[in-house]
Amino acid sequence: MTDDQDDPSRQSAPDLRILGDQITLQPSGFVESKPAGKEGEEALMKNMARFRSEPLQFLREVSLYVSGTGWRAYDDVIGQPIFYSGFSEHIKTQVMSASLLQAKISQLADMRVEVEIKDGLLNKDDKDFLMKRAQRRAVLVQALQDVAENMTDNMICKFESKTFIRGAYYVVTQLLLRAYHQGIHVSSEEVLRLRNVAEEAARKKQSIIFLPCHRSHVDYVSLQLLCYRLGLALPIVVAGDNLNFPVVGSFLQHAGAMYIRRSFGDDQLYTTLVQAYIDVLLQGGYNLECFIEGGRSRTGKLLPPKFGILSFVLDSLLSGRVEDAVICPVSTQYDKVVETEGYVTELLGVPKKKENLADFLSGGSSVLSLRLGRVDVRFHEPWSLRGFVDDQIKRLSKVPSAININWKDTQNQIVRQKLLRTLGYKVLADINDVSVVMPTALIGTVLLTLRGRGVGRTELIRRVEWLIARVRAKGGRVAHFGNAPLADVIERGLDVLGKDLVGVVNGLAEPTYYAVDRFQLSFYRNMTIHLFISEALVAAALYTRVKRGGGPSIQDIPYQDLHDQVLFLSSLFRGEFIYSGEGLLVNLERTLLGLEADNVIHIERDEQGNITKVGLSDAERAAGRENYDFYCFLIWPFIEASWLAAVSLMGMVPPVGAEKDGSGKDDIWIQVSRAHESAQLLGKTLYHQGDLSYFEAVNKETLKNSYNRFEEEGIIQVVKSKDTKIPPRMRVAPEWRPQRDQVTGNLIASGRLWDFTEKIASSRREGKNRRDGATVSTRVVKLTDELGSKLFEEAVRAEKEGGKKGGPGVSARLSREDQLALNRNVKERKRRRTLENRAHL
């Protein structure tokens, strides 16, 4: 490990460890060494009286919370008044009286009246027409008011009772800390800063909008507990209405949850109602919490931002209905995420099971017996949303644009979309900046970035030590270990991961560890990849030459070729990773210089000092390429997934005779969900046949991201019908399709899509029993063509069977309305690509 004097985080403010009633100051990220003969949860046990063993102490603790003794009273909180009788009714009244909502109700009533007049339900020639129209309009307005009021009651958070929240805090704390037995850790420096910001926000009656990453249902529980314990007004948590099931839904709503639909569709009333509620919260200075990624990350790394709630918040600000709000990005890290086993089944294509009370209770009881380590919560320095918007407008106004636009016009939708996207990715970058790498993430990363079946104890410690140094050198944070030897910390991390993830072979010269469930372990590896994405992209680009074999000179790559492949890969993974905003040239040069300083690569320069060629250093070759391989192993699974997605598109070329004139106007359209499922089936087949190196490449999320990226670039086209019964459908864009042999009907391995697939393949890990080009152009293309043919047959059959049953079926071809929507969508994407002025695939 690095010397303590060289470790800047040793000088940082201490952590706070919260275990029951006790808050303990410790060195940042401290992990207490385990005393001989004592369990690590001893401190926790002292703060968790059990009814069976200590009935009097148990009852005393409960009474302290219910009566509100000391800090448990939750009286002197920093923020706006909450938890009083009538809170819900007060908020509901404000929402229902919002001018925005009332204007929408009037508009919808007027629109309906006009429809009824047009349909002859109201006769203009009737002598009492004006009276009847006014009466009908009044009935419609009242009906819409009733609907809106019912929606509001189901949606809003109900902070009604302090007695309830005291009891809830006690119960949830004890349950959480039985599972995460090492407690919740925060930085005292960050907490003190947050309290100061909260005091200032309360004086200005401004909301703090907490934007955490989302890996577990524990995320919102841990943040609520922290705010309660530290005396901050609890944030109102934006939650999907899938959690609003009997008993649990009401409990969460009274503890801070507001429920919204997963999809709003074209429901104008509901959309306006959500906006009115957000306005009321921000105008009142109530704290808000929503997950920037939308749903939970099943892969361990941050997901691309979802802009739903953020768009409402930004609209409140840009419309002038709200003056300002404070943004606070939050990172929540775990030694072990309790849901990872379920994530694997979902990623492999098993449909997510709908939440219900029985599963909640049975799952909760099993979690209590686990020893999952600790939860680590970090708060980025909060910042003003108004200040961010003003800075962005100034910056955009100075940058030359490909289109003529007034960036100061915040009512312009192009300006709003640009601000919204920049806001989302800034929050993600801030979350990464404060994230702490946990011991389990270090172990998982090392185990999945080494060649061979397993690793000895000594080598595991050495590589974890190396990784810790690299994380810190990259500006990342690592959980510190206090006085505990690194070997003990690794042992504790292995214990938390468990034998289902990491196995050990004893009876050898030394204990040897191996990955049992590589798919699930990749969740923990992905917690570190954001720190090394630049190095990984450079390593993958260099691999296009390294994989050729031969002497060092053959494996060196000209700088321009390296630059082009890094540009291609970084563009390919734009939806997967967050890059520095300094631009490719600056990032690439810094990365190359860093790898050169680490003696991983050597660089040749011309007389002017310009880089001309890059290759592996002699020292790295002598070391068996272990550090270079580390970076390759990080990115290879994602390259495999993108390659698989691209290969799967080869089979989605219409069979011979399916097109009438080759223009694509009469194309057969495939359901997007079925295309994803077919790609997964293709991947599973290729993996078991040896043509895919990583089984995790078949995971649903990464394939979905690849398809989304291809859609952005116009490789595929997706149509979403206004009819919610018709699922999204897709096709390969005509200009990207490979040709078919007109005699045999077989796909010809050539053309734009084939070249694109081959460019991805050039950075793939070379397999032992295959060579990319020959294998893909024959057997793999034939297999994907067979699967694609089944999709086309299925689409046509579903359309015909739907017609026979008298129903609409799922149309395999576009209606005129859908075709017009497609044309608009294609034009919009071209305009957006021009506006962004980025590199494209």
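Q: How many bridges join strand 20 to strand 21?
A: Strands of a sheet pair through backbone hydrogen bonds, either parallel or antiparallel. Two strands pair if DSSP finds at least two bridges between them. Here strand 20 and strand 21 (residues 729-732) run antiparallel and are joined by four bridges. This is a predicted model, where local features need pLDDT of at least 70, side-chain atom pairs count only at pLDDT 80 or more, and totals for chains, interfaces and linings use all residues. Residues are numbered from 1 along each chain as its sequence is written, and side-chain values use heavy atoms, with hydrogens and water left out.

Q: What is the bridge partner of I716 in strand 21?
A: I716 has V732 as its bridge partner there.

Q: Which residue stands opposite V455 in strand 15?
A: That residue is Y513. Strand 12 and strand 15 (residues 512-515) pair in the antiparallel sense over two bridges. They belong to an open sheet of three strands, in the order 12-15-14.

Q: What should helix 23 span at 1.5 Å a residue?
A: The expected span is 1.5 Å times one less than the number of residues. Helix 23 (residues 584-597) has 14 residues, so it should span 20 Å; its end C-alpha atoms are 20 Å apart, which agrees.

Q: Which residues of helix 23 are buried?
A: Buried means under 20% relative accessible area, exposed over 50%, and partly exposed in between (1.4 Å probe, protein chains only). In helix 23 the buried residues are N587, L588, T591, L592 and L595. Seen down the axis of helix 23, they fall within an arc of 130°, so they line one face. The arc is that of the directions from the helix axis to the C-beta atoms. The face turned away from the buried side carries exposed L585 and A597.

Q: What is the nearest side chain of opposite charge to E620?
A: Lys and Arg count as positive, Asp and Glu as negative; His and the chain ends are not counted. A salt bridge is a side-chain nitrogen of Lys or Arg within 4 Å of a carboxyl oxygen of Asp or Glu. E620 lies in helix 24 (residues 618-622). E620 is buried yet has no salt bridge; R625 is the nearest opposite charge, 6.8 Å away.
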